[in-house]
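Subject: Structure handover

Hello,

Here is the structure we talked about handing over. My notes on it follow below.

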Amino acid sequence: KVSRIARNGFVETWYDQSANLRDAIQGTATNQPSIVQNGGIVKVNSKPAITFDGSDNFLEVDGSGSAVAYSFSPSGDMGMFIVYKASVGNIIDSRDASSDGIFLQQSSSTDTRFRYNGDGSINIVATNDEQHFNTMTLDGTTLSASVDGGTAGTDTVTAGVSTTSNLVLGKAFSGNNSNFVDGEIQEAIFYENNKTSEKSDIETDIDNFYSIT
């Protein structure tokens, strides 16, 4: 007779792959998202994922366990590429109590919302509970956002992010316990330039790996 004990595994640190030690950390066990459930690796479309419970799970680049606190506050051009599947919640948020930051949100059953500071907001059609890859870039004062490589929406903004809050994955900005993500995040890539010449190749690589479209 063979008995099986189901095991769960949780993420304390999502390691930064850039070698800049900007790791996303969650030191409180009850707030840690899962990577293993019932003995199996969490996956979306056959690829590993980190799942957030929509209640209290999040990761934060807080500087206490990471060598460098990082709020993703580029002074100029930027690029952000995110892969997720969620029913609701803030996927990425670097704002403080004001609006001077960046966030990506599954804002409804049909829309993904991109925000840059208080003066840039772009909504793109994206069905919730489906896997998507999302791109947001800033080129000068032109904010551009797209879902799954589709036609980009644009907005004119004031360049430069002045937030001093930490970058958060899985809920609203640091210190605000709301808009928790109910779903999975698979990849989060940030650049302090707009990657204009490489944007299409990055999106193609993401799409080929995750087979989203």
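Val83 lies in strand E10; helices (H or I, at least four residues) and strands (E, at least two) are DSSP runs, numbered from the N terminus. At 0% relative accessibility, Val83 counts as buried, where buried means under 20% relative accessible area, exposed over 50% and partly exposed in between, with a 1.4 Å probe and protein chains only. Leaving aside neighbours within four places in sequence, Val83 is in contact with Gln131, His132, Phe133, Ile185, Gln186, Glu187, Ile206, Tyr210 and Ile212; contact means heavy atoms within 4.5 Å. The C-alpha atoms of Val83 and Ser18 are separated by 18 Å, and these two residues are 65 apart along the chain.

On provenance: this is a predicted model, in which local features need pLDDT of at least 70 and side-chain atom pairs count only at pLDDT 80 or more, while totals for chains, interfaces and linings use all residues. Residues are numbered from 1 along each chain as its sequence is written, and side-chain values use heavy atoms, with hydrogens and water left out.

Strand E10 covers residues 78–93 and is joined to E14 by seven bridges, the two running antiparallel. Two strands are taken to pair if DSSP finds at least two bridges between them. Across from Thr135 in E14 stands Phe81. E14 itself spans residues 132–139, and seven of its eight residues are buried. E14 also pairs with strand E15 (residues 142–147), again in the antiparallel sense, over six bridges. The E14 and E15 strands form a hairpin with two residues between them, and Gly140 in the turn has a positive phi of about 70°.

Asn134 is placed in strand E14 and stands opposite Val147 in E15. Is Asn134 buried or exposed? Asn134 is buried, because its relative accessible area is 1%. Not counting residues up to four places away in sequence, Asn134 touches Met80, Phe81, Ile82, Tyr84, Leu104, Thr112, Phe114, Ser146 and Val147.

Ser144 lies in E15 and is buried as well, with a relative accessible area of 14%. With the same exclusion of residues up to four places away, Ser144 touches Ile122, Thr135, Met136, Thr137, Ala152, Gly153 and Thr154.

Nonpolar cores

A nonpolar core here is a set of buried Ala, Val, Leu, Ile, Met, Phe, Trp, Tyr and Cys residues joined through side-chain atoms within 4.5 Å. In soluble globular proteins, nonpolar side chains tend to be buried together. The largest core has 31 residues, and those with the most contacts inside it are Met80, Ile91, Ile92, Leu104, Phe114 and Tyr116. At least two residues of this core come from each of E8 (50–53), E10, E11 (102–106), E12 (111–116), E13 (120–125), E14 and E15. E10 gives the most, with seven residues. Apart from this core lies another, of eight residues, among them Phe81, Val83, Ile202 and Ile212.

Met80, leaving aside neighbours within four places in sequence, is in contact with Ile92, Ile102, Leu104, Asn134, Thr135, Met136, Ile189 and Phe190.

Largest pocket

The largest pocket has a volume of about 650 Å³. Of the 27 residues that line this pocket, the closest to its centre are Tyr15, Asp16, Gln17, Ala188 and Ile189. On a 1 Å grid over the protein atoms alone, a pocket is an open set of points where a 1.4 Å probe fits, with protein on both sides within 12 Å along at least five of seven lines; lining residues have an atom within 4 Å of a point. Grid points are joined across faces, edges and corners, and the volume is the space filled by probe spheres set on the points.

Strand E18 (182–191) and helix H1 (199–210) each supply at least two lining residues. The largest share, seven residues, comes from E18. The lining divides into 18 nonpolar, four polar and five charged residues. In that count Ala, Val, Leu, Ile, Met, Phe, Trp, Tyr, Cys and Pro are nonpolar, Asp, Glu, Lys and Arg are charged, and the others, Gly among them, are polar.

Backbone points

Ser46 has a positive phi of about 70° although it is not a glycine. Ser46 sits in the loop between strand E6 (43–44) and strand E7 (47–48), and is exposed, with a relative accessible area of 58%. Asp129, another residue other than glycine, has a positive phi near 60°. Asp129 is in the loop between E13 and E14 and counts as partly exposed, at 44% relative accessibility.

Regards
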